[in-house]
Protein chains: 2
Amino acid sequence: MWSTRLLVLGLVRWLGPVHGYLVRRELDSWRMPGVGEIGAGSIYHALKKLTTDGLIEVVATESVDDRPARTTYRITVTGESEFQRLVREKLWNVAQADDPFHTAWSFANVLGKNENTAMLRRRAEILYSRIEAVTVLLASTTGECAPGREEEFLPPHVRAMLKRQTDLMVVDAEWCETTAARIESGELDLGAVPSPVENENRREAIRTDDFQNPAVEQWQSTFK
Amino acid sequence: MWSTRLLVLGLVRWLGPVHGYLVRRELDSWRMPGVGEIGAGSIYHALKKLTTDGLIEVVATESVDDRPARTTYRITVTGESEFQRLVREKLWNVAQADDPFHTAWSFANVLGKNENTAMLRRRAEILYSRIEAVTVLLASTTGECAPGREEEFLPPHVRAMLKRQTDLMVVDAEWCETTAARIESGELDLGAVPSPVENENRREAIRTDDFQNPAVEQWQSTFK
DNA sequence: ATGTTTATAGTCAAATTTGAACAAGGAACC
DNA sequence: GGTTCCTTGTTCAAATTTGACTATAAACAT
């Protein structure tokens, strides 16, 4: 994932003077699906890189209570403006999520009709169970931070994002079920993938026809 | 992205004896948002790795028409079963898509109310324009491959996946608009992020209270 | 008492990804 | 007739990521 820079810079900024282990813990505690997980090594690497780039600086290297020495960092003025730039870049730029299911689906035809419908239905079930879990989470927490009720607090922006996740999972699950039904009924035939040879012919035909479907280009250009 | 192996192996399998450049071209022609893009170098690296792993084998290294020499590969028997395993692994395992917007949203509070609503509304607009483009694409193509109409053909499984994409984009866009409205009305206050100190206190409170909200654990466990 | 996890804190080699560079033929342009 | 750009095909150094490993103290079990 390429958001490592933003994540680590943002966490150093937010957590004030921190050492790598705290950043790691904080990220682990987020463990938000959708926010790619970052290995321990990547965090320390990012901290060093950000330091040589002048975006953060070493505050001190010291050991407390005979524990292993730790280096604490804080954000610099340059880092602050780079952070502002990065957040805006990532938020304004509408990038497509990188979906492993999408990639694998390209080869879904190797599963037979039965395995495919089974797979899609199980996927839908799992999605529904996750939706349920998030719903429970949202119901058992609040967006207000009341003293004495700290464990019930979930920041409003996190709650909003969780709502988005469930909305997305609902349509995804529905798509899985609809698609399973379509495959079962024979309406959708995944086996109808052109063989490489057919595909080559098709490609050749398109090329020599000197005619590309304009909708394809139109569509691809919206992602530039 | 960690689907490189599957993608390259699958393409070598599908395209029969191929050289790296063809794989590259095929992937470029897909240029499906959601299927992570793979750099040229990664393809050649994957081909070499797959070869040393015995999943594919070199057919020949030759140069045609005085063009640069090229090495062609084809899948092996071991490769075929590994491919079958990989496809199933990726399809059955319900992994969360890695969403850059989600990551950046964690820091959305640095944008003010105005910039935030503007950002969300522009995002919605862009999503709608993409939905429109895909809709046009689906309408101007068919799932049947008729000779003489090759440029109108779009494989059924691709059409199905595009439908999923639009469904997802529709909810995403709606969420953006709803959220923009909630921010504007003051109902949703992104500035209400606990300061690091508050957060530390909260964390401390939770730890010493020896009480974790069970819903959090419940929720996280569904992603294991 | 003694062995075994667990939490803290970070390093390092190996694997992977990126993207520019290289090389050479052909088409387009002026 | 020369310059520039595009397509074909691949390589390579540098950047990044992974995840297993080191080390120590406290907590816990036997």
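Predicted model: local features only at pLDDT ≥ 70, side-chain atom pairs only at ≥ 80, totals over all residues.
Residues are numbered from 1 along each chain as its sequence is written, chains are lettered from A and ligands numbered from 1 in the order in which they are written, and side-chain values use heavy atoms, with hydrogens and water left out.

A:Cys176 has 0% relative accessibility and so counts as buried, where buried means under 20% relative accessible area, exposed over 50% and partly exposed in between (1.4 Å probe, protein chains only). B:Cys176 is likewise buried, at 0%. A:Cys176 is one of the residues touched by A:Leu120, whose partners also include A:Phe101, A:Trp105, A:Trp175 and A:Ile183, leaving out residues up to four places away in sequence; contact here means heavy atoms within 4.5 Å.

Next come the aromatic rings. The structure holds 10 aromatic pairs over all chains, counting rings of Phe, Tyr and Trp (its six-membered ring) with centres within 6.5 Å; planes under 30 degrees apart are stacked, over 60 edge-to-face and the rest tilted. Among them, A:Phe83 and B:Phe107 are edge-to-face, at 5.4 Å centre to centre and 85° between the planes. This pair crosses between chains, from helix α4 (residues 77-92) of chain A to the loop between α5 (100-105) and α6 of chain B; helices are DSSP runs (H or I, at least four residues), numbered from the N terminus. Both A:Phe83 and B:Phe107 are buried. The rings of A:Phe107 and B:Trp30 lie with centres 6.4 Å apart and planes at 50°, so this pair is tilted. Here too the pair crosses between chains, with B:Trp30 in helix α2 (residues 20-30) of chain B, and both A:Phe107 and B:Trp30 are buried. Ring pairs also link A:Trp30, A:Phe83 and B:Phe107 into a cluster.

Arginines meet rings as well. The charged end of A:Arg123 sits over the ring of A:Phe101, 3.8 Å from its centre, the criterion being NZ of Lys or CZ of Arg within 6 Å of the ring centre and within 35 degrees of the ring normal. The charged end of B:Arg164 sits over the ring of A:Trp175, 5.7 Å from its centre. B:Arg123, in helix α6 (residues 113-139) of chain B, counts as buried at 3% relative accessibility. Its contacts, beyond four places in sequence, are A:Val94, A:Arg164, B:Phe101, B:Asp172 and B:Cys176.

A:Lys113, in helix α6 of chain A, is partly exposed at 48%. The C-alpha atoms of A:Lys113 and A:Ile183 are separated by 6.7 Å, although the two are 70 residues apart along the chain.

Finally, 11 of the 12 residues of α1(A) are buried, so this helix is largely enclosed by the rest of the structure. Just after α1(A), A:Gly16 takes a positive phi of about 70°.

How values were computed. Helix = DSSP H or I, 4+ residues; strand = E, 2+ residues; numbered from the N terminus.
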